[in-house]
Amino acid sequence: MGEKMTIDVIGVGWGRTATNSLKLALERLDYGVCHHMWEVANDQERLVPLWNAALDGKPDWPAIFEGNRSAVDWPVAGFWRELLQVYPDAKIILTTRSPDSWCASISETILKVIDDPEQLPEPARPVCRMAKRAVETSIGQDWSSASLIERFKDHEAQVKSTVPPERLLVFDPSEGWAPLCDFLGVSVPAEPFPRSNHRDEFFANMDDIQ
(Lines give C-alpha, C1' and ligand atoms only; values in the text may rest on other atoms or scores of the structure.)
Protein backbone atom coordinates (compact mmCIF):
# COMPACT_ATOMS: atom_id res chain seq x y z
CA MET A 1 0.00 0.00 0.00
CA GLY A 2 1.17 3.53 -0.76
CA GLU A 3 1.75 6.19 1.81
CA LYS A 4 -1.31 8.07 3.07
CA MET A 5 -0.87 11.83 3.25
CA THR A 6 -2.96 14.88 3.92
CA ILE A 7 -4.02 17.04 0.99
CA ASP A 8 -2.29 20.43 1.02
CA VAL A 9 -3.69 21.87 -2.22
CA ILE A 10 -7.11 21.33 -3.80
CA GLY A 11 -7.90 22.56 -7.29
CA VAL A 12 -11.61 23.36 -7.62
CA GLY A 13 -11.54 24.60 -11.21
CA TRP A 14 -13.40 22.46 -13.71
CA GLY A 15 -11.73 20.46 -16.45
CA ARG A 16 -10.48 22.57 -19.39
CA THR A 17 -9.36 25.42 -17.12
CA ALA A 18 -5.71 24.36 -17.45
CA THR A 19 -6.03 21.80 -14.67
CA ASN A 20 -3.35 19.61 -16.24
CA SER A 21 -0.96 22.55 -16.39
CA LEU A 22 -1.68 23.17 -12.70
CA LYS A 23 -1.03 19.50 -11.97
CA LEU A 24 2.38 19.70 -13.66
CA ALA A 25 3.16 22.96 -11.88
CA LEU A 26 2.35 21.51 -8.45
CA GLU A 27 4.49 18.47 -9.19
CA ARG A 28 7.35 20.76 -10.20
CA LEU A 29 6.91 22.58 -6.88
CA ASP A 30 7.53 19.30 -5.01
CA TYR A 31 3.94 18.43 -4.13
CA GLY A 32 4.46 14.89 -5.40
CA VAL A 33 2.08 13.20 -7.81
CA CYS A 34 -1.01 15.39 -8.17
CA HIS A 35 -4.35 13.57 -8.34
CA HIS A 36 -6.05 14.37 -11.67
CA MET A 37 -8.43 12.55 -13.99
CA TRP A 38 -5.44 11.34 -16.02
CA GLU A 39 -4.09 9.69 -12.86
CA VAL A 40 -7.47 7.97 -12.44
CA ALA A 41 -7.33 6.79 -16.05
CA ASN A 42 -3.87 5.32 -15.44
CA ASP A 43 -4.96 3.48 -12.27
CA GLN A 44 -8.50 2.49 -13.19
CA GLU A 45 -8.66 -0.78 -11.31
CA ARG A 46 -8.06 0.95 -7.98
CA LEU A 47 -9.48 4.43 -8.46
CA VAL A 48 -12.58 4.04 -10.63
CA PRO A 49 -14.42 1.92 -8.00
CA LEU A 50 -13.40 4.36 -5.28
CA TRP A 51 -14.72 7.33 -7.21
CA ASN A 52 -17.92 5.51 -8.13
CA ALA A 53 -18.43 4.85 -4.42
CA ALA A 54 -17.87 8.55 -3.72
CA LEU A 55 -20.45 9.42 -6.36
CA ASP A 56 -22.81 7.00 -4.58
CA GLY A 57 -22.30 8.98 -1.36
CA LYS A 58 -19.72 6.66 0.21
CA PRO A 59 -16.34 8.38 -0.23
CA ASP A 60 -13.12 6.99 1.20
CA TRP A 61 -10.91 10.04 0.85
CA PRO A 62 -7.75 8.55 2.42
CA ALA A 63 -7.93 5.67 -0.07
CA ILE A 64 -8.68 7.91 -3.05
CA PHE A 65 -5.83 10.29 -2.27
CA GLU A 66 -3.34 7.68 -1.10
CA GLY A 67 0.14 9.02 -1.84
CA ASN A 68 -1.09 12.47 -2.92
CA ARG A 69 -0.57 15.90 -1.42
CA SER A 70 -2.53 17.76 -4.08
CA ALA A 71 -5.62 17.09 -6.15
CA VAL A 72 -7.16 18.94 -9.10
CA ASP A 73 -9.66 18.50 -11.96
CA TRP A 74 -12.74 16.32 -11.98
CA PRO A 75 -13.85 14.25 -10.09
CA VAL A 76 -12.22 16.34 -7.33
CA ALA A 77 -13.86 19.60 -8.41
CA GLY A 78 -17.31 18.06 -8.11
CA PHE A 79 -16.74 17.46 -4.39
CA TRP A 80 -15.18 20.80 -3.56
CA ARG A 81 -17.60 21.73 -0.75
CA GLU A 82 -17.07 18.44 1.06
CA LEU A 83 -13.31 18.52 0.58
CA LEU A 84 -13.14 22.02 2.09
CA GLN A 85 -14.35 20.44 5.32
CA VAL A 86 -12.40 17.19 5.09
CA TYR A 87 -9.11 19.05 4.55
CA PRO A 88 -9.57 22.32 6.46
CA ASP A 89 -5.92 23.32 6.15
CA ALA A 90 -5.71 22.80 2.38
CA LYS A 91 -5.18 25.78 0.12
CA ILE A 92 -7.78 26.13 -2.62
CA ILE A 93 -7.02 27.07 -6.23
CA LEU A 94 -9.76 28.04 -8.65
CA THR A 95 -8.30 27.86 -12.16
CA THR A 96 -10.25 30.13 -14.47
CA ARG A 97 -10.66 31.27 -18.06
CA SER A 98 -13.35 33.10 -20.01
CA PRO A 99 -16.69 31.25 -19.86
CA ASP A 100 -17.05 31.31 -23.66
CA SER A 101 -13.62 29.81 -24.31
CA TRP A 102 -14.15 27.18 -21.61
CA CYS A 103 -17.50 26.20 -23.15
CA ALA A 104 -15.95 25.80 -26.59
CA SER A 105 -13.05 23.77 -25.20
CA ILE A 106 -15.06 21.35 -23.07
CA SER A 107 -17.60 20.85 -25.85
CA GLU A 108 -14.85 19.80 -28.27
CA THR A 109 -13.00 17.51 -25.82
CA ILE A 110 -14.45 16.11 -22.59
CA LEU A 111 -18.09 16.19 -23.60
CA LYS A 112 -17.37 14.52 -26.95
CA VAL A 113 -15.56 11.70 -25.17
CA ILE A 114 -18.01 11.05 -22.34
CA ASP A 115 -21.21 11.53 -24.35
CA ASP A 116 -21.43 7.79 -25.11
CA PRO A 117 -18.75 5.78 -23.27
CA GLU A 118 -19.97 2.52 -24.79
CA GLN A 119 -18.74 3.66 -28.21
CA LEU A 120 -15.18 4.05 -26.90
CA PRO A 121 -12.49 1.36 -26.99
CA GLU A 122 -13.01 -1.07 -24.10
CA PRO A 123 -10.03 0.12 -22.00
CA ALA A 124 -11.42 3.65 -21.81
CA ARG A 125 -15.00 2.77 -20.94
CA PRO A 126 -14.83 2.33 -17.13
CA VAL A 127 -13.12 5.64 -16.47
CA CYS A 128 -15.32 7.47 -18.97
CA ARG A 129 -18.51 6.05 -17.47
CA MET A 130 -17.37 7.33 -14.09
CA ALA A 131 -16.20 10.62 -15.61
CA LYS A 132 -19.61 11.22 -17.15
CA ARG A 133 -21.23 10.80 -13.74
CA ALA A 134 -18.64 13.07 -12.13
CA VAL A 135 -18.91 15.83 -14.73
CA GLU A 136 -22.70 15.78 -14.64
CA THR A 137 -22.64 16.41 -10.90
CA SER A 138 -21.27 19.83 -11.86
CA ILE A 139 -22.69 20.72 -15.26
CA GLY A 140 -25.95 18.74 -15.24
CA GLN A 141 -27.35 16.97 -18.29
CA ASP A 142 -28.14 20.04 -20.39
CA TRP A 143 -24.97 20.57 -22.43
CA SER A 144 -26.20 23.53 -24.47
CA SER A 145 -23.80 26.44 -24.59
CA ALA A 146 -26.15 28.68 -22.62
CA SER A 147 -26.52 26.13 -19.83
CA LEU A 148 -22.80 25.33 -19.68
CA ILE A 149 -21.83 28.99 -19.45
CA GLU A 150 -24.45 29.66 -16.76
CA ARG A 151 -23.23 26.66 -14.71
CA PHE A 152 -19.60 27.72 -15.09
CA LYS A 153 -20.27 31.26 -13.90
CA ASP A 154 -22.37 29.98 -10.99
CA HIS A 155 -19.64 27.56 -9.91
CA GLU A 156 -17.01 30.28 -9.85
CA ALA A 157 -19.32 32.62 -7.94
CA GLN A 158 -20.10 29.94 -5.35
CA VAL A 159 -16.43 29.14 -4.81
CA LYS A 160 -15.54 32.81 -4.38
CA SER A 161 -18.36 33.39 -1.92
CA THR A 162 -17.73 30.22 0.09
CA VAL A 163 -13.96 29.75 0.42
CA PRO A 164 -12.32 32.09 2.94
CA PRO A 165 -10.20 34.62 1.01
CA GLU A 166 -6.99 33.62 2.80
CA ARG A 167 -7.43 30.03 1.56
CA LEU A 168 -8.33 30.87 -2.05
CA LEU A 169 -6.32 31.71 -5.15
CA VAL A 170 -8.29 32.54 -8.29
CA PHE A 171 -5.68 31.64 -10.87
CA ASP A 172 -5.44 32.24 -14.58
CA PRO A 173 -2.47 30.07 -15.62
CA SER A 174 -1.56 32.61 -18.30
CA GLU A 175 -0.25 34.70 -15.38
CA GLY A 176 2.57 32.20 -14.92
CA TRP A 177 4.37 31.12 -11.79
CA ALA A 178 4.29 34.32 -9.71
CA PRO A 179 0.75 34.29 -8.23
CA LEU A 180 0.83 30.54 -7.63
CA CYS A 181 4.22 30.55 -5.92
CA ASP A 182 3.34 33.60 -3.84
CA PHE A 183 0.14 31.89 -2.68
CA LEU A 184 1.98 28.68 -1.78
CA GLY A 185 4.98 30.45 -0.26
CA VAL A 186 7.56 28.84 -2.52
CA SER A 187 10.26 30.08 -4.87
CA VAL A 188 9.53 30.70 -8.54
CA PRO A 189 11.21 28.08 -10.79
CA ALA A 190 13.53 29.26 -13.54
CA GLU A 191 11.73 27.42 -16.34
CA PRO A 192 8.50 28.60 -18.02
CA PHE A 193 5.16 27.70 -16.50
CA PRO A 194 3.94 24.38 -17.97
CA ARG A 195 1.41 24.52 -20.79
CA SER A 196 -0.28 21.19 -21.27
CA ASN A 197 -3.36 19.29 -22.43
CA HIS A 198 -4.31 21.33 -25.48
CA ARG A 199 -6.92 19.58 -27.59
CA ASP A 200 -4.56 17.41 -29.64
CA GLU A 201 -2.78 16.30 -26.47
CA PHE A 202 -6.10 15.55 -24.81
CA PHE A 203 -7.06 13.07 -27.52
CA ALA A 204 -3.56 11.58 -27.56
CA ASN A 205 -3.90 10.94 -23.82
CA MET A 206 -7.25 9.27 -24.44
CA ASP A 207 -5.62 6.96 -26.98
CA ASP A 208 -3.02 5.97 -24.37
CA ILE A 209 -5.56 4.67 -21.82
CA GLN A 210 -4.90 0.98 -21.19
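**Figure 1. Overall view of the protein chain.** Of the 210 residues of the protein chain, 50% count as buried, where buried means under 20% relative accessible area, exposed over 50%, and partly exposed in between, with a 1.4 Å probe and protein chains only. The model is predicted: local features need pLDDT of at least 70, side-chain atom pairs count only at pLDDT 80 or more, and totals for chains, interfaces and linings use all residues. Residues are numbered from 1 along each chain as its sequence is written, and side-chain values use heavy atoms, with hydrogens and water left out. The secondary structure comprises 11 helices and five strands; helices (H or I, at least four residues) and strands (E, at least two) are DSSP runs, numbered from the N terminus. Along the principal axes, the C-alpha atoms fill a box of roughly 45 × 45 × 35 Å. Among contacts between residues at least 6 apart in sequence, 74% join residues at least 24 apart, a contact being heavy atoms within 4.5 Å.

**Figure 2. Surface and charge of the protein chain.** The accessible surface comes to about 9,800 Å², and 50% of it belongs to carbon and sulfur atoms. Accessible areas come from the Shrake-Rupley method with a 1.4 Å probe; for residues, only the protein chains shown count as cover. There are 21 positive and 33 negative side chains, and the centres of the two sets lie 2 Å apart. Lys and Arg count as positive and Asp and Glu as negative, while His and the chain ends are not counted; each charge is placed at NZ of Lys, CZ of Arg, CG of Asp or CD of Glu.

Figure 3. Five strands form an open sheet in the order 2-3-1-4-5, with parallel pairing. Strand 2 and strand 5 (168-171) stand at the edges with a single partner strand each, so one side of each is left without a neighbour in the sheet. Two strands pair if DSSP finds at least two bridges between them. Ile 10 has Ala 71 as its bridge partner in strand 3 and stands opposite Ile 92 in strand 4. Strand 4 and strand 5 pair over four bridges, and the bridge partner of Thr 95 in strand 5 is Phe 171. Four of the five residues of strand 4 (residues 91-95) are buried, so this strand is largely enclosed by the rest of the structure.

Figure 4. Val 9 lies in strand 1 and is buried, with a relative accessible area of 1%. Beyond residues up to four places away in sequence, Val 9 touches Leu 26, Tyr 31, Arg 69, Ser 70, Ala 71, Ala 90, Lys 91, Ile 93 and Leu 184. The C-alpha atoms of Val 9 and Leu 94 are separated by 11 Å, with the two residues 85 apart along the chain.

Figure 5. Lys 23 is placed in helix 1 and counts as buried at 5% relative accessibility. Residues that Lys 23 touches, not counting those up to four places away in sequence, are Val 33, Cys 34, His 36, Glu 39 and Val 72. Lys 23 and Pro 194 are 171 residues apart in sequence and 9.2 Å apart in space, C-alpha to C-alpha. Glu 150 lies in helix 9 (residues 145-162) and counts as exposed, at 58% relative accessibility.

**Figure 6. Backbone features in two loops.** Most residues other than glycine have a negative phi, and most peptide bonds are trans. In the loop between helix 1 (19-28) and strand 2 (34-35), Asp 30 has a positive phi of about 70 degrees. Asp 30 is exposed, with a relative accessible area of 60%. Asp 73, in the loop between strand 3 and helix 5, has a positive phi near 75 degrees and is buried at 5% relative accessibility. The peptide bond from Trp 74 to Pro 75 is cis, with omega near 0 degrees; Pro 75 is found in the loop between strand 3 (70-71) and helix 5 (80-86).
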